[in-house]
Amino acid sequence: MEGKVALGVDIGATWVRVAVSDTSGEILAKNKEAIRTSGELEVSSQVIRLVKELIAELSFQEGDIIGIGIASAGPMNRQKGELVTPSNIPLEVVPLAGPLKDEFNVEVELINDGVSAVLAESRYGAGQERENIVYITISTGIGGGVIMDGNLLLGKNGNAAEVGHFTIDEEEKLKCGCGRKGHWEAYCSGSNIPNFVEMKLKNSKLQETNSRLIEIKKEGFDGFQAKDLFDLARDGDEHALELVGELGRLNAIGFATVTEAYDPELITVGGGVALNNPDLILNPIKSKIKRYTQNEVPEIRITPLDENNVLYGAIARALSLV
Ligand SMILES: [Zn+2]
């Protein structure tokens, strides 16, 4: 094939995904593999190999690459292009931009995956023609991205919208993946909802109803997942609905804090927990947010973009590097 290409890379908790696009941002081909994290340079080596496979598949030359955008959960050091004690990867430092720059001799930029997603929302999704938008992912973790007055917020190290680490519980009952207590993500993210359910059930005297949660409390919480709570709530389990409502109240505190901080006109929501349970997640937020913010409540909706949103944002960033 002829022409120039841009590359988008999405470093997730489980997968490394790479996409090649043309200069209009249209994805031409994608590649993914389970992430390998046994050494500091293993992730970048993996990305380089996946890129080379794609370039060969499409019959492009490495010299046709005009820029590479990498999106990952943080925290990160944007200037150095590396992750620093990332919550999803069991390594102290993960250099990403440097090794790719050395290999392909092009500009490479590392951004937070929530930042990448809000960029995609602004270019291709519900945020087109809007100047003040926030994207929030409720997934394995909780993250975000912000466009304010038309500007993408990055911050000095690239960690400007780490909303999952907003403190929502001053009593600090549950511990976050970052090691601190009381953070939003420690309560309402997919990986931590089971801890929240366990804490609530241990501290409550469940009435003798036919709630399945009473049996689970007796049997133990091994293997209990966020999905189980939402499935029970959908089946009408009284205590499960109560806990989903309480999670919704905590999410409302998070959304209210975001509203106070960034004054958005639109908050779009993605991530597996929200996408699989749109009503059970969004309805409690919408009904309770006003209790916690003095600002005008923004429109809150599920993102219309699919799981490729982070890749699209990374490509958009790569194209802006030209
Ligand atoms: Zn945290």
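The model is predicted: local features need pLDDT of at least 70, side-chain atom pairs count only at pLDDT 80 or more, and totals for chains, interfaces and linings use all residues. Residues are numbered from 1 along each chain as its sequence is written, and side-chain values use heavy atoms, with hydrogens and water left out.

**Zinc site**

- The zinc ion is coordinated by His165 (ND1), Cys176 (SG), Cys178 (SG) and His183 (ND1), at 2.0 to 2.3 Å; donors are N, O and S atoms within 2.8 Å of the metal (3.2 Å for Na, K and Ca), and sites may look incomplete because water is not among the atoms.
- Along the sequence, the spacing of the donor residues is H-x10-C-x1-C-x4-H.
- The 4 donor atoms subtend angles of 100 to 119° around the zinc ion, which makes the arrangement tetrahedral (four donors count as such if all angles lie between 85 and 135 degrees).
- For four tetrahedral donors, the ideal angle at a metal is 109.5 degrees.

**Helix 8 and helix 10**

- Helix 8 (residues 238-262) packs against helix 10 (residues 278-288) at an angle of about 60°, with the axes 8 Å apart; axes are lines fitted to C-alpha atoms, for helices over the stretch in contact, and angles run from 0 to 180 degrees between N-to-C directions.
- Helices are DSSP runs (H or I, at least four residues), as are strands (E, at least two), numbered from the N terminus.
- Helix 8 and helix 10 are therefore oblique to each other (angles under 35 degrees count as roughly parallel, over 145 as roughly antiparallel, 65 to 115 as roughly perpendicular and the rest as oblique).
- Residues in contact, meaning heavy atoms within 4.5 Å, include Leu241, Val244 and Phe255 of helix 8 and Leu280, Ile281 and Pro284 of helix 10.

**Helix 3 and helix 11**

- The axes of helix 3 (residues 113-124) and helix 11 (residues 309-319) come within 7 Å and cross at roughly 85°.
- Helix 3 and helix 11 are therefore roughly perpendicular to each other.
- Among the residues that make this contact are Asp113, Ser116 and Arg123 of helix 3 and Asn309, Tyr312 and Arg317 of helix 11.

**Backbone features**

- Gly74 and Pro75 are joined by a cis peptide bond, with omega about -5°.
- Pro75 lies in the loop between strand 4 (65-72) and strand 5 (76-77).
- Asn105, a residue other than glycine, has a positive phi near 55°.
- The loop between helix 2 (97-104) and strand 8 (108-112) contains Asn105.

Technical notes
Four donors count as tetrahedral if all angles lie between 85 and 135 degrees; four count as square planar and six as octahedral if opposite donors are over 155 degrees apart and all others between 65 and 115; anything else is irregular.
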